Every structure is written in structure tokens, then in C-alpha cells.
Amino acid sequence: MAVEVAAPRSVLLRDPGRFRLASASMTRFARRKPLGAIGAVLMVVFIAVAVAAPLVAPYSPLEHSSERLASPSGEHLAGTDQFGRDTLSRLIYGARTSLYVGVAATILSAIPAVLIGMSSAYFGGTYDYLVQRFVDTIQALPGLILLITILVILGGGLWNVIFALSFNRAIVGSRVMRGATMGVQNEVYVEAALASGATTLRIMLRHLLPNIVPTIIVVYSLGFGTVILAEASLSFLGYGIPPPSPSWGGMLAADGRAYMFAAPWMLWGPTIALAIVVFAINMFGDAIRDVLDPRLRGSR
């Protein structure tokens with residue numbers, strides 16, 4: 001005869017408990033940082049629209065029609081461009097482009113920035129001097145000019161834009177990572193690890209990296225909006241995502257300027273979309289900084 005064994009109470013309550021804890025944390029965050037919570041909601045909407053673009057967009061972003069420069073209507077909520085393409089559909093697919101560029105450039109810039117910054121601070125000496133002089137040289141160049149120079153050499157295209165943005169952000173971010181590492185490498189637990197014979201790799205991964213994670217999150221959550229704006233600026237100048245691929249910056253470029261009086265809705269959509277997304281990212285990043293920065297917690 002089979003005996004039915006009841007599952008432990010901790011197993012039964014594990015998932016509900018975690019759900020309640022997460023719900024309470026989100027509620028507390030929303031009460032303390034309402035603008036940050038609004039920014040988080042807008043970011044979720046932006047990501048959802050970008051991921052589900054084929055399901056959300058009413059038309060193909062490359063589909064031409066005879067309704068050229070049509071004003072907003074029930075059939076085309078945001079009007080059409082000079083080729084009869086639905087502006088709303090191009091905005092939605094442009095969100096996907098911005099998300100691709102933002103996520104890829106942020107990840108690809110964070111990894112080398114952390115490696116360069118941590119190693120420069122930890123090893124010091126000649127290595128630190130040479131690395132920092134290289135960083136100074138790159139930072140002395142205007143950011144937009146550097147990006148354009150890289151893209152002139154490599155050519156346009158999605159991945160070339162991502163590489164250019166990643167290179168620029170990695171160099172700038174490495175200085176911040178170096179400062180964060182120098183702030184924790186003289187702590188007692190690091191000296192204890194050195195005295196116990198811990199290897200360099202273990203000290204970096206076990207003691208230094210976990211303690212600069214809040215700085216990494218803050219810097220690159222705030223930098224996400226900067227990357228999106230930089231991609232839009234490059235596309236606006238003709239060095240970014242080549243047409244006819246939908247891009248918010250590309251929609252603001254020559255076509256949008258040429259028809260800004262005859263069809264102003266061609267400029268309204270990407271301008272409003274960029275403003276909302278960058279506002280949401282900055283508000284959420286500021287809130288995350290306030291939550292993770294122990295100095296700000298102490299001041300409250």
C-alpha cells in the first residue's frame with residue numbers, strides 16, 4: 001500500500017514567499033522612488049514593444065504604398081512617410097533597433113571597462129601609467145568625432161555601430177571602474193586575502209569584483225540612454241544604421257528634415273519616442289543609484 005508523504009512546509013511556501021518578498025520590495029521601491037518606478041514601467045513597455053515588434057506593428061516597416069505623406073488617421077495612426085510606409089510600424093521596429101544597440105553596446109563595453117579598470121588599479125606602476133595615458137588620449141578626442149572616425153574606417157551597419165559605441169563607452173567607463181577598485185582594494189578583507197596567499201585572480205573575482213558591482217550597475221544603467229541617443233545621433237548624421245532599416249535617428253535625418261513642414265508627423269514620432277525612453281532610463285538609473293549607493297542610504 002502506497003503511503004502519501006506530505007511535502008515539507010518550506011517547499012510549499014518557498015515560491016509564494018519569494019513572490020511576496022519581491023512584491024513587497026517593488027512596492028517599497030515605488031513608494032520611495034515614484035519617478036524611478038514610472039521609469040521602470042516605461043522601460044518594460046519599451047522592451048516589450050521592441051521584442052514583440054512583429055506582433056504589435058500593424059504593417060511591415062519596409063512596405064510601400066500609394067498613400068504617401070498621409071496624415072495620421074484610423075488606418076495609419078502616425079501617418080506615412082514619403083514612400084507610403086507606415087510611420088508607427090517604423091517607430092516600433094526602430095525601438096527594436098535601439099534595444100539591440102543599447103543592450104549589445106552596454107554589455108560589450110562593460111566587460112572590457114571592468115577588466116581594464118580593475119587590472120589598472122590592482123597592478124599599478126608602469127602598467128597603470130601606460131593604460132591611463134592611453135585612456136587620457138582617447139578621452140581628449142570629442143566623442144562624436146571619435147565615433148564618426150571609427151565608422152568612416154569600418155563603414156556603416158548595425159554591428160559596426162555597436163563596436164564603435166562599445167569602444168568609446170569602454171574607455172570612458174574604465175576610468176570609473178579603476179576609481180571604484182582603488183576604493184576597495186585597500187580594505188582589510190583584501191589585505192587578509194593577500195596574507196593568506198590568495199591568487200590575483202581569486203582576489204579580483206572574489207573580493208574586488210563583487211564590491212564594485214553596484215558601481216557597474218549604476219554607471220551602465222545610466223549609460224544605456226546615452227548609447228541610444230548616440231546611435232540616433234549617428235543615424236541622423238548618416239553614419240549609423242543605413243536605410244531602409246528603421247531607426248529613430250534615421251527617421252529624423254534627411255527625410256524627416258526635408259518634409260518637416262509638409263509632413264511634421266514624420267518628426268513627432270521619433271522625437272517623442274526618444275524623449276520618453278531616455279527620460280525613463282535616466283529616472284530608473286537615478287533611482288537605482290540612490291538605492292545602491294551606501295553613502296546616500298546613510299544620509300537618509
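A residue is taken as buried when its relative accessible area is under 20%. By this criterion serine 221, at 16% relative accessibility, counts as buried in the predicted model described here. Serine 221 lies in helix H9, and its contacts, apart from residues up to four places away in sequence, are with Ile281 and Gly285. The C-alpha atoms of serine 221 and glycine 285 are 5.3 Å apart, although the two residues are separated by 64 residues in sequence.

The secondary structure consists of 13 helices and zero strands, giving the pattern α-α-α-α-α-α-α-α-α-α-α-α-α along the sequence. Of the contacts in the protein with a separation of 6 or more, 69% join residues 24 or more positions apart.

The packing of helix H6 (residues 143-154) against helix H9 (residues 200-237) was examined next. The axes of H6 and H9 come within 11 Å and cross at roughly 60°. An angle of 65 to 115 degrees would count as roughly perpendicular and one under 35 degrees as roughly parallel; H6 and H9 are therefore oblique to each other. The crossing of H6 with H9 is right-handed. On the side of H6, the contact is formed by Leu144, Leu147, Ile148 and Leu151, and on the side of H9 by Ala230, Leu234 and Leu237. In terms of residue class, this contact of H6 with H9 comprises seven nonpolar, no polar and no charged residues.

When residues up to four places away in sequence are set aside, leucine 234 touches Leu144, Leu147, Ile148, Leu151, Val161, Leu165, Tyr239 and Gly240.

Helix H4 also packs against helix H2 (residues 34-51), at an angle of about 105° and with the axes 8 Å apart. This angle makes H2 roughly perpendicular to H4. Phe46, Ile47, Val49, Ala50 and Val51 of H2 meet Ile92, Ala95, Arg96, Ser98 and Leu99 of H4 in the contact. Here the division by class is eight nonpolar, one polar and one charged.

Two further residues were considered individually. Threonine 106 is located in helix H4 and is buried, its relative accessible area being 12%. Beyond residues up to four places away in sequence, threonine 106 touches Val101, Tyr220, Phe224 and Val227. Leucine 69, in contrast to these helical positions, is found in the loop between helix H3 (53-56) and H4. With a relative accessible area of 27%, leucine 69 is partly exposed. Most residues other than glycine have a negative phi. The phi of leucine 69, however, is near 55°, a positive value in a residue other than glycine.

Technical notes: Residues are numbered from 1 along each chain as its sequence is written. This is a predicted model: local features need pLDDT of at least 70, side-chain atom pairs count only at pLDDT 80 or more; totals for chains, interfaces and linings use all residues. Side-chain values use heavy atoms; hydrogens and water are left out. Axes are lines fitted to C-alpha atoms, for helices over the stretch in contact, and angles run from 0 to 180 degrees between N-to-C directions. Helices (H or I, at least four residues) and strands (E, at least two) are DSSP runs, numbered from the N terminus. Angles under 35 degrees count as roughly parallel, over 145 as roughly antiparallel, 65 to 115 as roughly perpendicular and the rest as oblique. A crossing is left-handed if the near helix is turned anticlockwise from the far one by less than a right angle, and right-handed if clockwise. Contact means heavy atoms within 4.5 Å. Ala, Val, Leu, Ile, Met, Phe, Trp, Tyr, Cys and Pro count as nonpolar, Asp, Glu, Lys and Arg as charged, and the others, Gly among them, as polar. Buried means under 20% relative accessible area, exposed over 50%, partly exposed in between (1.4 Å probe, protein chains only).
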